Amino acid sequence: SGITIKANNVCRIDISGPRPAGTGGSVNYCLGSPPNVVPTAVPAIAGTMQVGSIVTGTYAYADNESDIEDPAGTVYKFVTSSSASIASSSEGTTVASGATGGASASVPYTLQSTDLNMYIYYCVTPAAQTGASPGVEVCTAASGPIIDKPTPPASPANVPTLGEWSVAALSSLIAMFGFIR
């Protein structure tokens, strides 16, 4: 009256105690291997939120099993939205994307006139070289709204000047009026 299941156990718990009528016995329960967890990223965005300025996206990479990052597999997206809060890049317009090159690299984006009055986000989907991958996309909080370049001050108007001959003629004219008086 016993069932035995044999397997390669990574983790094992033995539960034992008296059985009715003093027969004794034990129950073995196998938990198996703990699941491999996908990597995580914590993105950040920095820069002046103004058309023509360069903003930079960075992130920190982490993996519970210490799986090494796959820099070609970890991808980023710069996303704009009129909303001050998005949950994923699909809720906005992707304006730049690609492989990050790894957590030690920073990714630049130049704000365009089409980004005016929008919020910008830096979203990262981390990837590991081994183990469970890719991770879940994570986006920064909203930065912005993006403002226009300030209008440069107007240049002062040129003041007309007189050449040598004009000054001589004007002087003669003024002298003549003085003589007539």
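A residue counts here as buried when its relative accessible area is under 20%, as exposed when that area is over 50%, and as partly exposed in between, using a 1.4 Å probe and protein chains only.

A word on the model and its conventions comes next. The structure is a predicted model, in which local features need pLDDT of at least 70 and side-chain atom pairs count only at pLDDT 80 or more, while totals for chains, interfaces and linings use all residues. Residues are numbered from 1 along each chain as its sequence is written, and side-chain values use heavy atoms, with hydrogens and water left out.

The chain holds nine strands and one helix, laid out from the N terminus as β-β-β-β-β-β-β-β-β-α. These elements are DSSP runs numbered from the N terminus: helices are H or I with at least four residues, strands are E with at least two. Of the 181 residues, 24% count as buried. The accessible surface comes to about 12100 Å², with carbon and sulfur atoms holding 58% of it; such areas come from the Shrake-Rupley method with a 1.4 Å probe, and for residues only the protein chains shown count as cover. As for contacts (heavy atoms within 4.5 Å), take those between residues at least 6 apart in sequence: 61% of them join residues at least 24 apart.

Back to serine 143, which sits in the loop that runs between β9 (138–139) and α1 (164–180). Once neighbours within four places in sequence are set aside, its contacts are Ile45, Met49, Met118, Tyr119 and Ile120.

Ile120 also turns up in the largest nonpolar core, a set of 16 residues in which Val55, Phe78, Tyr109, Leu111, Ile120 and Tyr122 touch the most other members. A nonpolar core means buried Ala, Val, Leu, Ile, Met, Phe, Trp, Tyr and Cys residues joined through side-chain atoms within 4.5 Å. At least two residues of this core come from each of β3 (40–46), β4 (54–62), β5 (75–81), β7 (107–110) and β8 (119–125), with β8 giving the largest share, three residues. Another core lies apart from it and has six residues, including Ile86, Tyr121, Cys123 and Cys139.

On the sheet side, four strands form an open sheet in the order β6-β5-β8-β9, with antiparallel pairing. Its edges are β6 (93–99) and β9, each of which pairs on one side only. Phenylalanine 78 has tyrosine 122, in β8, as its bridge partner.

Definitions and conventions:
Two strands pair if DSSP finds at least two bridges between them.
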